[in-house]
Number of protein chains: 2
Amino acid sequence: MSAGRIVINHATVRETADMVAFARLCAERGLDTVSIWGSEIDKVGEKAARAALEETGLKVSGYNRVGPFEPQFLDRARFELERAARFGADHVLVFTGGLASGDRDLAACRRRHEDVIGSLLDLARDVGITLALEPLHPMLVGDRTTLASLSHANALCDALGEGVGIVIDVHHVWWDERLGAEIARAGQARRIVGYHVNDWLVPTRHLLRDRGMMGDGVIDLAGVTRMVRDAGFAGPIEVEIFSDDWARRSAAEVIDLSIARCAAIFGGALAA
Amino acid sequence: MSAGRIVINHATVRETADMVAFARLCAERGLDTVSIWGSEIDKVGEKAARAALEETGLKVSGYNRVGPFEPQFLDRARFELERAARFGADHVLVFTGGLASGDRDLAACRRRHEDVIGSLLDLARDVGITLALEPLHPMLVGDRTTLASLSHANALCDALGEGVGIVIDVHHVWWDERLGAEIARAGQARRIVGYHVNDWLVPTRHLLRDRGMMGDGVIDLAGVTRMVRDAGFAGPIEVEIFSDDWARRSAAEVIDLSIARCAAIFGGALAA
């Protein structure tokens, strides 16, 4: 197994490992790439965070994130995009946020957010970094996103042109009857820039913090991965688990189990 | 305000009022129609349940439900459909259920469920009652449904022909960027047979039992109702709230508040 094709997203273990510890744990296990968070860089300082990556030779896949889209958001966004570029990130995740307090006009909010993404793309092109649209689960519409389907993300990318791509997270899109068609469509346009795995637990006890470890839930992970590979995405498989349960375990244990589960479930697809 | 255009779904108050008490509470408030549950009929017995409706003159809109689709399900389904007909129900809600334990092939499960709905429709035509497909929220795919969008419900109705309609519940579909288009499509085909209201709370703390009272959440209820009316649906507005919080209050209080909120939010749309 080429562990190098697995990326751990720092959010998976951030409760028990700061960014420096996280980088060392990944490097010790032969991983060559990580996905990182601006909020975690803030905690250790940019100097220490960059030193940790240089010392370990780790590359950066996803940088989280720009958003939510609040007033004066674009000033902060430029800072995040430039910092992502300093870390050599492959792409920056866009997080729209949801409806403002008291607002119930979702369609209008969605249109405003689409306009903001357009402005953000201008900034990202300036900085020379790819924007990544990640449709979130429909249960997160309201407070966390207005972008809740691959169809919407694909349509938005069609409209926006170069410099924007899509991150597919199984947790958010696995339920969709259009899944195969929309993954194929994204692949056709060569716009898949990331692929996140975890699992959907039955029952799921919390809308945000009850994702499962790969294999513990009901998602056909091998099947979805086949769709993503068949669509031409050759990048790494990224583990992103937001979970109160897994957050309590040691980072080393969670990373080791993630790698073992990926090897068992994805096998050859890891080395695509 | 014509309270007669409001229907309370018994599930909203079933923790504190059995079917007999529920019927009396609704009739006392001038409502002329209710939506009922086979499981609640079982608790008081069919004789008492029918007597309560006859005594109050209440009609039945929705009968819940046929499903989940388990082995030998069709035998039970015939019983439910015949009982719904005895209660003079306008339509019977279809509840597919989710993946069987250990099954991860959602696409195949969906196809099987579509076939079962086809068989169910044959039964329903025999009995002379309308089947109602109600797409549930995508967060309920896995354990409770494989039908999670209005688009899918519309496509299925297109394929099935006469005798099947759609129930639109705001909680399940409000997030969808295709909402307006799919409501219009359902209206065009004259297949909307029910319209359920409640609200989406921010935060929502439980996937099943944390729906809000109309006005307490972020759904543009007046706006969605306009879409439904513009699509030609002239039936009643049905209150269906699954909520641990509201289940603790007295049935009378919940029904009174539901009627007051409907009057305030829907106004003229109640009498469409």
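Trainee: Why does Arg112(A) count as partly exposed?

Mentor: Its relative accessibility is 45%, and since buried means under 20% relative accessible area, exposed over 50% and partly exposed in between (1.4 Å probe, protein chains only), Arg112(A) belongs in the middle class. Please keep in mind that this is a predicted model, in which local features need pLDDT of at least 70 and side-chain atom pairs count only at pLDDT 80 or more, whereas totals for chains, interfaces and linings use all residues. Residues are numbered from 1 along each chain as its sequence is written, chains are lettered from A and ligands numbered from 1 in the order in which they are written, and side-chain values use heavy atoms, with hydrogens and water left out.

Trainee: Where do Arg185(B) and Glu182(B) lie, and why is Glu182(B) called buried?

Mentor: Both are in helix H8 (residues 179-188) of chain B, three residues apart, which is about one turn of the helix; their salt bridge has its closest N and O atoms 3.1 Å apart. Arg185(B), at 29% relative accessibility, counts as partly exposed, whereas Glu182(B) is called buried because its relative accessible area is 10%. Elsewhere, salt bridges that share partners join Asp42(A), Arg76(A), Glu80(A) and Arg83(A) into one network.

Trainee: What makes Trp37(B) and Phe242(B) an aromatic pair, and of which kind?

Mentor: The structure holds seven aromatic pairs over all chains, and in this one the centres are 6.3 Å apart with 85° between the planes, which makes it edge-to-face. The rule pairs rings of Phe, Tyr and Trp (its six-membered ring) if their centres lie within 6.5 Å, and counts planes under 30 degrees apart as stacked, over 60 as edge-to-face and the rest as tilted. Trp37(B) lies in strand E2 (residues 33-37) of chain B and Phe242(B) in the loop between strand E8 (237-239) and helix H10 (244-247) of chain B, so the pair ties together parts that are 205 residues apart in sequence.

Trainee: Why is the pair of Phe69(B) and Phe73(B) called tilted?

Mentor: Their ring centres are 4.8 Å apart and their planes are at 40°, so the pair is tilted. Phe69(B) is buried, with a relative accessible area of 13%, as is Phe73(B), at 8%.

Trainee: How do you know that the charged end of Arg65(A) sits over the ring of Phe95(A)?

Mentor: That charged end is 3.8 Å from the ring centre, and the rule asks that NZ of Lys or CZ of Arg be within 6 Å of the ring centre and within 35 degrees of the ring normal. The charged end of Arg14(A) likewise sits over the ring of Trp37(A), 4.7 Å from its centre.

Trainee: What makes phi of Gln72(B) worth a remark, and why is Gln72(B) called exposed?

Mentor: Its phi is near 65°, a positive value in a residue other than glycine, and Gln72(B) is called exposed because its relative accessible area is 62%. For Gln72(A), phi is near 65° and the relative accessible area is 65%, so this residue is exposed as well.

How values were computed. Helices (H or I, at least four residues) and strands (E, at least two) are DSSP runs, numbered from the N terminus. A salt bridge is a side-chain nitrogen of Lys or Arg within 4 Å of a carboxyl oxygen of Asp or Glu.
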